[in-house]
Amino acid sequence: MRISITKTRSILIVWACLVVVGSGPPFASAQHADDDFENQDDFSHTHVNVEEFDYCSDEVLPTLNELANSAKAPLTGASDRVFRGNLNSTITIVEYVDVNCTHCIAAHKTLKDLTKYNDDLLVVYKHLPILSIESRTAAENIEYIAKLDRDAALRYMDILFDNASELSDEFLNEALEYVGHQDLPVDSELLSRVDEILDRDLRDSRDLGIYGVPAFEISGVLLSGNRPRWYLQDLLDFVRVLQEQPKDVAEAVSVASQAICANWLSYVGDSREAAEKMYQIAIESQYVTTRTLRNYGIFLSKDYARLDEAEKQFSRALAVDPGDVVGLISYAEFVERELFDTEQVESLYKQAMAATSAGWVAHQYGVFLEGEKRYEEAVDLYQRAVIAAPESHEFMSNLGVILYNRFEDYEQAEVSLGGAARIRPDYARYLTNYALVLEQLERIDDADHYFKLALERDSSDAWIANLYARFLLEQTEDLDGAEAYFYTANQLEPANEEFAYALANFLLIERENAEAALPVYENLLFLASENSDYQFEFGFANEILGSIDEAYRAYTNAFRGQPSNAGERANHFANFISDNDLGEEQAETFHRVAIEIEPENVLLHHNLALFLFEQSQYIESAARFELALGLEKSDPIFDLLYGLALEMSGLQDQAGSVFRSTVDAEESTALAQVIFADYLEYRANAPERAEELYIKALESEPDNALVNQMYADFLLNNGGDIEEIEQFFLTAIRNEPGDGAYLSTYASFLSLFPSRQDEAREFFLSAISVEDVDADTYAAYGAYLFDVLGDKDGAARQFELAVAEDARESHVLARYAKYLYASGQLDDARVRWSDAMADPAIHDHTKLEVLYFKFAAEKSFRLEDLKQIANILCRGIRSPLDRHGPILAQASDVRHPELGLIFALSKVVTNANGMQTLERFPVFVEAFAASPTGESIAECRLPNSRTLPTLLVREEIVVW
């Protein structure tokens, strides 16, 4: 009795599936660092949306006339105040502020931006703290610090404006710590001077008629209330025109008015036609500014059909002022966005760099180079930007981002991102970026702190919630916390594919809850029905839930496009098709598609080889395994499969060489040892060496079910102790109680003992009741029902099930053919015998069995048949194949088949142990006679007067 190759193969396939692609979830949920950071580049734009009120009303002209008629007296004492910009400026804006004012927050950002783009601008801050006690305290702190460190005072004010909703005493002190002045000395004289400054600001505001904030004084002209940046920029340009002493002030005022109104209409007005008329008036005047020409170019660039006209206006703007840095950058952005001329873009950036050392220009040039994937040059420019403007959190943030993403320089990234977070401690995304780099530096507790701080600052930011969920999952294994934040991100942004995808993957992979994941995937498909990844993973969730038709449709839809990891996913789809009997040809097609997509992926070649092996296409399977070996060193499991494929293909010497190398390798396993032992026993007629390997395998893995089963089978075939054999069978069952093949083999063993037939039946019934019954188990039970119990109908059902499970397994087909022959169905028996012989994996002992019964049915041997038997026997086959029918086996003293056939007559007996065995009686024949045609054998005299045909007809057991 030999454990079937079906069982050995199934064990190997299971082991192989632990390492092949597609054995686990076919997709991964991990998130790339490129997606973790926000790129802060919005400050580069020269225009923003404005409030919807009419700047073309009567407000514009009076303001322009006031500017035209103002004395433009220079501001005195600016150097003693908190200021931003150039002290030698020709244009000054004085802003009256209250840090607790919402509109002042917007105005503060506007003025910061204006100083970036106007080198000749000075912004001086004065105080009108009228909204709260905290407003007064904050103003006092700002001026007090300014007397000690004006730069720190400016940073302190920036922090307060960025956190205006949190102006508690505690936060005011915390902000002092950020700027390095947490321990301010108490100087009564200095406090008195601060009070004087604030009182003077209050008197000045009353003299100007200012009773609310924010308020601006531009070159002696007062503006109350917040204004959009572009509007203030237009006024600054008009002041420059006036400073050039135009001959016709009235015309200059008119041109400026038209330009401002055109700009307003182009953004929020109802009429593009009206805007263009105003632009035309403005650009045809001698007082046209580069900004107006530039704005007209931007206006025209919104119409794809007028890109040439837009480019003309950008060029005109630079002709008016070749050193206009904002014009150069605006033109570069236009060319990059609309004309795609990277050489021209870079030329414009270089001109801008030559015109100014401003940090924002270097930064914008860096943004361009980063987009071109010139990362080292981009880093250099970002660093120059930070040096030029060390207070710029935007510059620090983008420098940190590129160091993190592109260079994985986490230590330097930590410096920049930490700096951005310190300058803007209110900005949740800076805190998040800082947390991400701390995570990479394995400062997990610090990272967790900053994630939490970011969520405290902004609990409505889904991006942060999603990242924190990922952090909790990967770094703390807090699945409950991760799930809560994944759901939070989805609730905040239900239409965000990235967040839905992260939640779906979490539920499917980490929670193993396909039912909960399914509606999330359905939402993803609603958002992007053509997305192949979503289709594929939706299919996978349905596969887990057992919805095979839905899974198949989803997988098919996925491959109408090309999902990510397409090679591995094509392989998974192929396995799905095969496992669910949806078409082996289609399964093979997708295995080959996987290799076409990823021809260098060795595991995909192994998968195809494994599929071909399962389809009994052993020759091609062996060739595919060999190809995979040529790509890279193979896994020992695949080496064994390669050896089995060679063995099944009839290439015994090559198979033996492969098995031997796997056993001799340092990482040799018990599986490799028993597979080689099986080969040595049945192919090489070397039972002694085989037993050594079995014992070695048992020593390394004493509880391995397959090793115990195969060793029991070996001992049974080679005269081992019955009690010891049974213990090995029982050990296999104990370690794999739900495996039908082990139960069936033990049942076959029990059936050898007449007194244990009830036990045998119980184990057979247990074997066929398991979820995954193999063909050999059905066939073994069928043989038992017919041979032992005489249940012809029951046997027929089991054999039909066996063939339905595997219609190619020669061992199964041979048993079925014997049953058909014994039950008188000779024609059907011949068909099954032919099918068995067609199996390229047929073992020699099964060939003998098939040949004998075929000849017995025909009641004659042909000479060529006897030669085939002799050739098989002389290759070293040794096994009592079936005790219930005639058996051909090897005689140990046969060396020269050409001297004649040697037969031995044996019969079944019951030994002292109650086991049925063969009792052999050697009978020698030196020669035989054949008809001239070789179609039949004449009577062959045997010493006991029997003839060979008589032996065959009487169906007594013949042993070679």
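I looked up H33 and helix H35 (residues 705-717) to begin with: they pack at an angle of about 20°, with their axes 10 Å apart. Axes here are lines fitted to C-alpha atoms, for helices over the stretch in contact, and angles run from 0 to 180 degrees between N-to-C directions. On the H33 side, the contact (heavy atoms within 4.5 Å) includes Ala670, Leu671 and Val674, and on the H35 side Leu706, Val707 and Met710.

The model is predicted: local features need pLDDT of at least 70, side-chain atom pairs count only at pLDDT 80 or more, and totals for chains, interfaces and linings use all residues. Residues are numbered from 1 along each chain as its sequence is written, and side-chain values use heavy atoms, with hydrogens and water left out.

Next I checked H33 (residues 670-682) against helix H34 (residues 687-700): their axes come within 8 Å and cross at roughly 160°. H33 and H34 are therefore roughly antiparallel to each other. Among the residues in this contact I noted Phe676 and Ala677 of H33, and Leu693 and Tyr694 of H34.

Last, I asked which residues of helix H2 (residues 60-69) are buried. They are Val60, Thr63, Leu64, Leu67 and Ala68 (buried means under 20% relative accessible area, with a 1.4 Å probe and protein chains only). These residues cover an arc of only 135° around the axis, which puts them on the same side of H2. The arc is that of the directions from the helix axis to the C-beta atoms.

Definitions and conventions:
Helix = DSSP H or I, 4+ residues; strand = E, 2+ residues; numbered from the N terminus. Parallel < 35°, antiparallel > 145°, perpendicular 65-115°, else oblique. Buried < 20%, exposed > 50% of the residue type's maximum accessible area, 1.4 Å probe, protein only.
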